[in-house]
Amino acid sequence: MENSSNPEGEDTRNQTIPSTSSTSSSDDYRLFDRQGSLHQFLGGGKAADILLWKQWSVSLGVIVVASVAWLIFEWSGLPFLSICSDVLLILIIVLFVHSNYAAYRDRQPQSLPELELSEEMVNNAAASFRVKINNMLLMAHDITLGKDFRLFFKVVTCLWLLSAIGSYCSFFTLAYIGTILSVTLPAFYSKYEEPVNKYCGIIQRKFSQQYKIVDDSVTNRIPRSFSKDKDT
């Protein structure tokens, strides 16, 4: 009797363990696989405060300026170079009138502000830029050689989506949409972080299952064909 009842108990345990592991994996999932807080993930400082609407006046100002610029570029019908030239022309005329008016009123004109950068700041920026460029070149090398098919699939999908979206929208419209989303989505995510992580974890798990099926049936055969061609 004891030996006959043990397999049933093991079967029930085996059925319950995957369900708990799947739920725990979806609950522990964080968007972009970040470890720290969202403020630290966005870089911290004033930029993160603006994206998370901790300085709501600046965040609102970014949306207003982006909306006005989009309306000017899209509805005016003027080329980008003409608009930039007109803006610079108006700015130079205003500064010229202001400086001459100050001289007429015997006021000392304001001194030109100087840009001061420390050597440590420049070295850190150059080092981080060099690391990012090398990582991009390494990724491009892996993509062209077919070493990372998942990365190749992501890049091809993103480029295809950009090409499809670009056929319906102009560059300024895409830049405007990207600016609005970059200002609003982080604040929305910080407010509804738990449900977003939950549903994104479920979607990511299902996508991984589908990708595993495709990888087992199709992509695993690609390197073998390449190796055969090289041998011949």
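**Entry 1: confidence**

The chain has an average pLDDT of 75, and 76% of the residues reach at least 70. Where pLDDT is low, the predicted coordinates should not be read in detail. I left both stretches there and moved on.

**Entry 2: helix 4**

Next I turned to helix 4, which runs over residues 56-75. Its 20 residues span 28 Å from the first C-alpha to the last, close to the 28 Å expected at 1.5 Å a residue.

Which residues of helix 4 are buried? I noted Ser59, Ile63, Ala66, Ser67 and Phe73. They sit on the same side of helix 4, because they cover an arc of only 140° around the axis. A reminder to myself: an α-helix has 3.6 residues a turn, so residues three or four places apart point the same way.

I also checked the face turned away from the buried side of helix 4, and it carries the exposed residues Val65 and Trp75. After the helix comes Gly77, where I read a positive phi, near 80°.

**Entry 3: aromatic pairs**

How many aromatic pairs does the structure hold? I have four in my notes.

I took Trp70 and Tyr176 to start with. Their rings are stacked, at 5.1 Å centre to centre with 15° between the planes. Trp70 belongs to helix 4 and Tyr176 to helix 8 (residues 171-191), so this pair ties together parts that are 106 residues apart in sequence. Is Trp70 buried, exposed or partly exposed? Its relative accessible area is 24%, which I logged as partly exposed, since buried means under 20%.

Then I looked at Phe188 and Tyr192. Their ring centres are 5.0 Å apart and the planes stand at 45°, so I wrote this pair down as tilted. Phe188 is partly exposed at 46% relative accessibility, and Tyr192 is partly exposed too, at 35%.

Last, I followed a cluster in which ring pairs link Phe73, Phe171 and Phe172. Phe73 was already in my notes as one of the buried residues of helix 4.

Methods. Residues numbered from 1 in each chain as written. Predicted model: local features only at pLDDT ≥ 70, side-chain atom pairs only at ≥ 80, totals over all residues. Heavy atoms only, no water. pLDDT = per-residue confidence, 0-100. Helix = DSSP H or I, 4+ residues; strand = E, 2+ residues; numbered from the N terminus. Expected span 1.5 Å × (residues − 1). Buried < 20%, exposed > 50% of the residue type's maximum accessible area, 1.4 Å probe, protein only. Arc of directions from axis to C-beta. Phe/Tyr/Trp six-rings, centres within 6.5 Å; stacked < 30°, edge-to-face > 60°.
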